[in-house]
Amino acid sequence: MSTDISHETDCPHGLIIESNHNGRKREFGNERIWVRVQEQREQKSPADVFRTPSIYTIRAPSLPMQQSPAQQQQSGGLQQASGERVKEEDGVIPSTGIDRSTTVQAARLFHDATPRTSKVKKILIQILYLISNGENLTSKESEGIFFGVTKLFFNKDLNLHRLVYLAIKELKPAATDVIIVTSSLTKDMTHKYPFFRANALRVLSQVVDESLFQQVERYFKSSIVDKENEVCSAGLVGALKLMRVSPEPVKRWVSEIQECLKRSNTMCQYHAIALLREIKKGDRLALSKMLTSLVRGWIPSYLAQCMFIRYIGEVLHMHTHQSDPDVEAALWKALEAGLSNINERVQYETARVVVSLPDKTRVLQAVEVLKTLLRSASSATRFGAIRTLCKAASVHPVEVSTANVQLEMAVGDTNRSVATFAAITLLKTGAEFFLDRLMPRFSTLIIDIPDESRVEVVQAMQALCLRMPARVGAVFNFLSTCLRTEGGYDYKKTIVDTYLSIIEKIPTAQTDGLLHLCEFIEDCEYPPLSIRILRLLADAASSHSPISKAADTATRSPSPSPSLSASPSAPHFHQFDPSKHIRTIYNRVILEVESVRASAVTALARMALHYERLRPQILTILKRCQHDPHDEVRDRVAMYLRLLEPATVPASQRFLLEDLPAMVARAKAMAAALEPAVPSPAKPAGAAAKPAERPAEGTVQRGLYRPSVVGLVAVGVLCSGVAAFLPSCFLSPVAIGSSSLPAALLSASWAPSLEAAEDGPAEPAFYSSMGLGTLFKRTEEAPLTEPDTEYVVRCTKHIFDTHVLFQFSVRNTLPGQQLRNVTVQTAPVPGSAAADLTPDKVGILKSLEPLKTADALVSFNMRPGSFPLVVFSNLLKFEVHEVDTASGHVQEEGWQDDYQLMALELSILDFVRPVPSWPTDFGTIWTRLEPFARKSKFALREMRQVAEAFRKVRTHLSMTADLADAPAASCTRLETRLAGQMADMRPILAHALFTVEEGTVTMQLEIRSPDAAISDLVLAAL
Amino acid sequence: MTVHSLLVGTRSGEVLLAKYYQELSTEQKADFSQKLYENTSPFWEDAMITEQVACFDAFSCVFIQINQVLIFLTGFGDDDEIILLTCLRTLVEVFSRVVFKKSISIQTFHESYPKASLAIHELIQQGHIQQLDAESVNRILKLKGGAA
């Protein structure tokens, strides 16, 4: 297959080569490229090319691009190859591509006794090319080729020999096959050419496993002291890899490795210091000792110096109160020397380390160095400096602001990555006058940078706007420019999020913000964003409507209950003129896809409900939509037209100002809001004992009772199914709050009982009857049996101020048995420190029907303020009565039986719960608790992603994190603070740093509580 | 480990050579390559004049465009881009002086594929930078000197 590249004008029937995920065309390098595929006419984007690894070559006259003299110089001043006829040699990749099966077949030639060397080389190269292009050889094919390749070791051709090394590395032979090549490779260790010795070491280090390593260990050790630098260097890099295979032998070579630091070769020093650090990585003391000894010595290699500085940073990060101040002083001295080093790379590395350390005393000095580096001729140095400043600006904005002048210059840098970071840093540190001057430049910059960088700029702009609300006009102008530029979904979503955030927090910006967003949806290519904005418009109408205002006044009550007319998260709009937006919404009904049309119809209906004066016009519009081609839109229109009839409007206004999902969400929120007032949702008095408080038929009680009504509506909707419940909810909303609510639904969910419930375990209705005090925490259910056993038992721990209650949820899975007098015999295991606990009550389960679940309870008295950390043994005891499955008859005669359950533990984390709101004085408490701090590092081997590790650790610790949003899946470093409350109401705080090291998530956790023993226990519990 | 991957490709998305120094599935490699192209494409014009730096996700990437060939050297965000740039410059020097004697272009790349692979093998080893001295690499590629 061959392709032809030309310009758009030259190729009218061509195909667009690049498309983003929305199928929109995109330009690479400001140049539209068209590709005409002669044999296969299909759209092919770079992504497609990568997904279906191609091995075709492009018969390409080069694109007519401007080539500057600088570029010609860059490419070595060599002549352009286009137009020249290039002779094909043996061993090249043929322009017709490589056929995989033919190549694999051809590899059988390796087994011949005297194959032609040139032919063998060509096949080897083609195999390497196939692997490099993502072709996955099957294990059988790989194995066959590998065994063939091993025979080529005996060939005298040196170039072929080198290709064999490459092939063995790429083929990744199985551990059982490696032994075939070990002897050949070890033979090469004595080759007359040092680079063959080096290559043999490299290949060996890559293929060898722990068992074989013992056989070849001596070769690596001797390579480290080899007089040839490249052999030494290869041995050190190989040892770095072998540290992961078998660290112990490598650790014994420390003295030889240290000798390498004295060599004059730059790379040997660099690899030696990296290997030494790898050996001493887990031992802070040994690492600091090694670094201190190097401080006294002299490291000539600038690369090694950089690594040295980086490792100093690691040691200083691990600062504890046991750290030796003399050692730290020496390390700081080395950092100061690094800042004044003549090599800019060492300076940069040092400045980067200094700004990342908690000690702020030398930050200003580091910023000065970074300012100097911003003037460097190397784009990478400028990039590194600006990126470091950008990171530092979040922590040290005052110090970084001293570089504002240099940053302003960097906004115009030829490297746009540098310019982008400069813009973001200025947005973090800059004063208002900077903003005025730079805003036009930001608008130009945003056009030519990738979406990911644009997102960062927009987010920085949002932070700035919230810091300086007076500049909201300038920020909105910038954001509207951003909305008009072409970009991906994430970019546009970030802009819309920014608008919403600003609108919510700065009331004066609402009118302008809404107008900008309305303008955006006129040409918005992303339906989800259009739907969000339409919803925002409807919410704006709800929050500002005369009806809502009247309702809010009427329903003002001591209990905080969210308004029905706008979603709880919706901002309150002070100024809103719906007539300005109806045209925009109607355009969506005409022009957009069905999901947007449906949302537009809903938005119109909600406006009509709120604004009586606009209702006739909106009804006219809605009637026009009755013939919409899509069912969903037509159904909505029909429903809204019915609801907007004069007879049903009053009821509709009360219940249907929103569509269903939002209503259910609100109902849930209200139920949660009610929880403090009603300690137990299953409290009998809550539903059954107060029938007089229910509203009379045909009326809706507002105020205190309203949330309950809506909560019950939500329960009804969730339990009985939306489809079944929806019509009655919509058409007779008034009746739902009264006696028409299914009684069975109420009794099933709310009636307390220790008897077997119909569909599952009863709600914990026993709190009040057992006099347990105030509930502190209820843990997640934990299994005490395997899930597929005869009796499945799970336990929930309820921690009260003076009691501990175990709720054992017992499921009888045997259809032919009824269990009676079911109890769980729970006792601390001998040796447990159970002095603070005394047995209290046991809740016996009188009868457990077949295939049902019910709860047995056991409570203990607990000494107030104590944290009894006890392990309990548990035995399920019951009386078995056989049941005739045909007639359902239960035999009265039964027998006693018991069933051993798993042990149950009260851990320190059971006495910790999240704080209801983030403590504003976290910093003060954190500092105060420093003497009781405990730190540890955990390798979370089962987890691959930081976000997943963060979620699990937060849940396990039962603490509140300071992160507003969940971390992104791609995040590789996360620093977070956590706050919790102990059962004695004292605080417990944590600081966690998640990083990814070689594919494994590592967590550094520091716990601070008012008692060092508690901090230790929490760390131990992890 | 300093280097995540080395990718040599064309502006139209053809991969000429790809070396990943981490175990990745074909799908992961494809996603990475796509992101690499998307995030660097705005800078390709500038990359014809001098090396460019870009960062995306947790990666830092230095790249250059020579004729139709784009060479991307990607490292991890935590590592620094200056050593990556030094490595890229060494690679380009080796390519220019020994591997592609005429010019670095798509066609010469196909012709000199084995030499290019050998040069990369000498420069980067298992994600670690093995050599930064172009002269040493040139000497090794030409099988000159060093015989004990």
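**Exercise 1. Chain B from end to end.** How many helices and strands does chain B have?

*Solution.* Start with the ground rules: this is a predicted model, where local features need pLDDT of at least 70, side-chain atom pairs count only at pLDDT 80 or more, and totals for chains, interfaces and linings use all residues. Residues are numbered from 1 along each chain as its sequence is written, chains are lettered from A and ligands numbered from 1 in the order in which they are written, and side-chain values use heavy atoms, with hydrogens and water left out.

Step 1: count the elements. Helices (H or I, at least four residues) and strands (E, at least two) are DSSP runs, numbered from the N terminus. Chain B has six helices and seven strands.

Step 2: Along the sequence, the pattern reads β-β-α-α-β-β-β-α-α-α-β-β-α.

Step 3: look at burial. Buried means under 20% relative accessible area, exposed over 50%, and partly exposed in between (1.4 Å probe, protein chains only). Of the 148 residues in chain B, 75% are buried.

**Exercise 2. A tyrosine in a loop.** Where is Tyr526(A) found, and what does its side chain reach?

*Solution.* Step 1: Tyr526(A) sits in the loop between helix H27 (510-521) and helix H28 (527-544) of chain A.

Step 1: with 3% relative accessibility, Tyr526(A) counts as buried.

Step 2: Tyr489(A) is 37 residues away in sequence, yet the two C-alpha atoms are 6.9 Å apart. The Tyr526(A) side chain reaches the backbone nitrogen of Tyr489(A) at 3.4 Å.

**Exercise 3. A four-stranded sheet.** What is the strand order of the open sheet of four strands in chain A?

*Solution.* Step 1: the order is E10-E8-E12-E13, with antiparallel pairing. Two strands pair if DSSP finds at least two bridges between them.

Step 1: the edges are strand E10 (845-848) and strand E13 (890-905), each pairing on one side only. On average, neighbouring strands of this sheet are turned by 25° against each other, direction ignored.

Step 2: zoom in on E8 (817-828) and E12 (871-883), which pair in the antiparallel sense over 10 bridges. Arg820(A) has Glu879(A) in E12(A) as its bridge partner.

Step 3: look along E8. Asn821(A) is in this strand, and its phi is near 45°, a positive value in a residue other than glycine. Asn821(A) is partly exposed, at 40% relative accessible area.

Step 4: Thr826(A) is also found in E8, but it is buried, at 13%. Its side chain makes a polar contact of 3.2 Å with that of Asn874(A). A polar contact is a pair of N or O atoms within 3.5 Å; within protein, one must be able to donate a hydrogen and the other to accept it, and residues adjacent in sequence count only if both atoms are side-chain atoms. Leaving aside neighbours within four places in sequence, Thr826(A) has contacts including Phe806(A), Phe808(A) and Val858(A).

**Exercise 4. A serine of chain B.** Which residues is Ser117(B) in contact with, leaving aside its neighbours within four places in sequence?

*Solution.* Step 1: find Ser117(B) in helix H5 (residues 113-123) of chain B.

Step 1: its contacts are Leu166(A) and Leu17(B).

Step 2: Ser117(B) counts as buried, at 13% relative accessibility.

Terms used
Axes are lines fitted to C-alpha atoms, for helices over the stretch in contact, and angles run from 0 to 180 degrees between N-to-C directions. Contact means heavy atoms within 4.5 Å.
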